[in-house]
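Here is a short tour for anyone who likes to look at a fold before setting up a calculation. Have the viewer ready and follow along.

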Amino acid sequence: MDKKLAEEMIEAAIGQLSYSYAPYSGFRVGAALLTEGGKLYTGCNIENAAYSPTNCAERTAFFKAVSEGERKFCAICIVGGKNGVLTDYAAPCGVCRQVMMEFCDPDTFRIILAVSKEKYEIFTLKELLPKGFGPHNLV
Ligand code: THU
């Protein structure tokens, strides 16, 4: 993946940390999702006093994009840390990996885990969700 594009996505994901609503865990997460058309959709985690309605940053980004007609995606960047301080990679939870599986090709969809524009690693969805269950199973 192009370095400049990866850096742009990291910047956009970091920008979401200030919007994160995480009064219960204090763990702020930001995401930036790239469509095949080159558009970026951002998202943050949104917690809830009843806990289970909490929405992860990745799903916020996906649902924003899908609700605006997007269906094809190339990559997502995720950043997160306690109180918004980025010390380690914040890998996507299982539910978010499954949502990615619904809309993305596991062989080509890229997941960028970052702590800064200088320190990041790129994985395919297949690496993070081997043998995933998806729409192809239901045809
Ligand atoms: N969280 C995300 O936003 N994305 C993930 O993939 C993992 C967890 C959020 C949910 C919750 O608000 C906080 O991190 C702690 O679990």
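In this predicted model, Ala31 counts as buried because its relative accessibility is 0%, and the cut-off for buried is under 20%. Ala31 has its place in strand 1. Setting aside neighbours within four places in sequence, Ala31 is in contact with Ala13, Gln16, Tyr41, Thr42, Gly43, Ala57, Glu58, Ala61, Ile76 and Cys77. Asn45 is 14 residues from Ala31 in sequence, and the two C-alpha atoms are 8.8 Å apart in space.

Asn45 leads us to the ligand. Which residues surround the ligand? They are Ser25, Phe27, Val29, Asn45, Glu47, Thr54, Cys56, Ala57, Glu58, Ala91, Pro92 and Cys93. Sorted by class, this shell has seven nonpolar, three polar and two charged residues. Strand 1 (27–35) and helix 2 (57–66) each supply at least two residues of the shell.

| Residue | Protein atom | Distance to a ligand oxygen atom |
|---|---|---|
| Asn45 | polar side-chain atom | 2.9 Å |
| Glu47 | polar side-chain atom | 2.5 Å |
| Ala57 | polar backbone atom | 3.0 Å |

Taken alone, the ligand exposes 370 Å², and the protein buries 77% of that.

The largest nonpolar core has 24 residues, and Leu33, Phe62, Ile76, Met100, Phe109 and Ile111 have the most contacts inside it. At least two residues of this core come from each of strand 1, helix 2, strand 3 (73–82), helix 3 (94–103), strand 4 (110–114) and helix 4 (125–128). Helix 2 gives the largest share of this core, five residues. There is also a second, separate core of 13 residues, with Ala6, Leu17, Leu34 and Ala75 among them.

Not counting residues up to four places away in sequence, Met100 touches Glu58, Phe62, Ile76, Ile78, Pro92, Phe109, Ile111 and Leu125. Among these, Glu58 and Pro92 also belong to the shell around the ligand.

Which residues of helix 3 are buried? Besides Met100, they are Cys96, Arg97, Val99 and Met101. The buried residues of helix 3 pack against helix 2, strand 3, strand 4 and helix 4.

Technical notes
Residues numbered from 1 in each chain as written. Predicted model: local features only at pLDDT ≥ 70, side-chain atom pairs only at ≥ 80, totals over all residues. Heavy atoms only, no water. Near = heavy atom within 4 Å. Polar contact = N/O pair within 3.5 Å; in protein donor to acceptor, adjacent residues only side chain to side chain. Areas by Shrake-Rupley, 256 points an atom, 1.4 Å probe, with all protein chains shown as cover. Helix = DSSP H or I, 4+ residues; strand = E, 2+ residues; numbered from the N terminus. Nonpolar A, V, L, I, M, F, W, Y, C, P; charged D, E, K, R; others polar. Core = buried A, V, L, I, M, F, W, Y, C linked by side-chain atoms within 4.5 Å. Buried < 20%, exposed > 50% of the residue type's maximum accessible area, 1.4 Å probe, protein only. Contact = heavy atoms within 4.5 Å.
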